[in-house]
Amino acid sequence: MQTREFYRSSYSRAEQGRTPARRRRSTMGRLIVEKEKSREEEREQGEGGGRDDTVLVPPINFSMVEEGIFRSGFPQPSNLPFLHTLNLRSVIYLCTEPYPRENLDFLQTHKIQLFQFGIDGTKEPSVTLLSNVITAALKVILDVRNHPVLIHCKRGKHRTGCLVGCLRKLQNWRLCSVSEEYRHFAGSKWRATDLRFLETYDVLPLRHCLYSVIYRYQGYGSKKRRLIYNGENVQKPRIPSV
């Protein structure tokens, strides 16, 4: 007890013996040391787990088609962190091959639904078969409950290009604009058979079937949700008032 009192009194006398200038210099010195320590800690946190160094790499031929609709080539494992940022609800896969296990695990982990519409890319399918597959895939795209949705095949060129081109026809795009977008993504590998299919694909039956679905979204943000607009010379169903 006497020892503590001795040290306390010694410290008090020492402080009293210091001039105000010396006491300020001592206080400033302690503050500088504390600041440097805090800066070092911040640098260590930045170099450690405090910073996310994940590089986000999109799949080849990736692009946004419309709000909530994306297209690309086949996603590789290195592309999965990027896909996670899209908050996808569904994926439309246009190849016949089974989906890779790693990609399936990613979909299951994030509760993303897979819709597979197998189109053989090695040979030219019949027009009827291709039309049926495209129509079925379009129905998935036009259901906003599946958005955000990613459409992809192998390279994101031909099969994906045909599906997106038919969607553009539903949106009343002119054929020259549809063909231009297809060529843009297909590059030098564009196919005349794909362009002929886009020219002959009939959207009118699908448009008739979808009018009842479209009208359900009127009244709450329908402009953003609808992808189809009023067509000419098409009789619209009457929706009874509730």
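This note comments on the sheet, the helices and the core of a predicted model.

1. Basis. The model is predicted, so local features need pLDDT of at least 70 and side-chain atom pairs count only at pLDDT 80 or more, while totals for chains, interfaces and linings use all residues. Residues are numbered from 1 along each chain as its sequence is written, and side-chain values use heavy atoms, with hydrogens and water left out.

2. Sheet order. Five strands form an open sheet in the order S1-S2-S5-S3-S4, with mixed pairing. Strand S1 (63-66) and strand S4 (113-116) are the edge strands, each having a single partner, so one side of each lacks a neighbour in the sheet. From one strand to the next, the twist averages 25 degrees. Strands (E, at least two residues) and helices (H or I, at least four) are DSSP runs numbered from the N terminus; two strands pair if DSSP finds at least two bridges between them.

3. Strand pairing. S1 and S2 are antiparallel over 3 bridges, with Ser63 bridged to Arg71 in S2. These two strands form a hairpin with 2 residues between them, and Gly68 in the turn has a positive phi of about 85 degrees. S2 also pairs with S5, in the parallel sense over 4 bridges; here Ile69 stands opposite Val149 in S5. Strand S3 (residues 90-93) pairs with S4 in the parallel sense over 4 bridges, and Ser90 has Gln113 as its bridge partner in S4.

4. Faces of S2. Ile69 and Arg71 point one way and Phe70 and Ser72 the other, yet all are buried (buried is under 20% relative accessible area and exposed over 50%, with partly exposed in between, for a 1.4 Å probe and protein chains only).

5. Core. The largest nonpolar core, with 48 residues, has Ile92, Ile134, Leu138 and Leu163 as the residues with the most contacts inside it. Helix H5 gives the largest share, 8 residues. Such a core is a set of buried Ala, Val, Leu, Ile, Met, Phe, Trp, Tyr and Cys residues joined through side-chain atoms within 4.5 Å.

6. Helix H4. In H4 (residues 101-109), Asn103, Phe106 and Leu107 are buried. Seen down the helix axis, these fall within an arc of 95 degrees, so they line one face; the arc is that of the directions from the axis to the C-beta atoms. On the other side, Arg101, Gln108 and Thr109 are exposed. Just after H4, Lys111 takes a positive phi of about 55 degrees.

Notes:
Axes are lines fitted to C-alpha atoms, for helices over the stretch in contact, and angles run from 0 to 180 degrees between N-to-C directions.
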